[in-house]
Amino acid sequence: MPAYRLDHIVCSYGGPPVLSIDRLDIRQGKVTALIGPNGAGKSTLLQVLAFILRPAMGRMAFFDRPVNGRDLISLRRRIGWVAQSPYLLSGSVLENIELGLKLQGIGSAARRARARQALQDVGLGALAQRPARELSSGEGQKVALARALAPEPDVLLFDEPFAFLDQSSLA
């Protein structure tokens with residue numbers, strides 16, 4: 001069963017289509033990379049897959065369930081999304097990671113434990129109490145990754161995942 005099935009998807013921003021896909025299946029449990037030149041529609045496709053952008057035309061299924069406009073919030077909760085330029089909220093690094101968990105109704109103790117574990121997983125455990133907006137760009141990217149990992153999503157989507165990361169972070 002594919003994680004995603006897209007049929008005749010078309011997206012535009014008020015002009016000609018910026019994305020047109022006849023058919024695309026993305027298998028679950030696999031890493032899939034989107035490679036192409038600037039303006040090819042990679043970020044647009046990722047926004048469609050994250051249920052942020054609704055296509056102008058076409059059909060989409062997520063784990064064999066048709067996607068419609070009524071259940072987008074519950075579907076978004078199943079996605080871990082790291083944007084090209086992550087936005088960090090004011091407050092500590094730990095608070096940035098906990099916020100999404102809080103919005104999902106996860107209790108305080110579990111929320112704190114999952115946020116701390118996610119920070120450890122990305123190598124930022126020592127920065128938990130640091131103000132998030134004082135981090136370097138690379139550290140901010142790692143906080144965004146921890147924030148995506150903490151809810152234990154079914155799918156992780158990354159737009160330019162290595163932006164801002166130094167060579168030692170990629171090893």
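Analyst: On a 1 Å grid over the protein atoms alone, a pocket is an open set of points where a 1.4 Å probe fits, with protein on both sides within 12 Å along at least five of seven lines; lining residues have an atom within 4 Å of a point. A volume is the space filled by probe spheres set on the points. This is a predicted model: local features need pLDDT of at least 70, side-chain atom pairs count only at pLDDT 80 or more, and totals for linings use all residues. Residues are numbered from 1 along each chain, and side-chain values use heavy atoms, without hydrogens and water.

The second largest pocket has a volume of about 640 Å³. It is lined by 23 residues, and R76, I79, W81, G100 and R147 are the closest to its centre. By class, the lining has 16 nonpolar, four polar and three charged residues. Here Ala, Val, Leu, Ile, Met, Phe, Trp, Tyr, Cys and Pro are nonpolar, Asp, Glu, Lys and Arg are charged, and the others, Gly among them, are polar.

Strand β5 (79-82), helix α3 and helix α5 (137-149) each supply at least two lining residues. Helices (H or I, at least four residues) and strands (E, at least two) are DSSP runs, numbered from the N terminus. The most comes from α3, with six residues.

Now follow α3 to its contact with α4. Contact means heavy atoms within 4.5 Å. From α3, V93, L94, I97, E98, L101 and K102 meet R111, R112, R114, A115, R116 and L119 of α4. This contact has six nonpolar, no polar and six charged residues.
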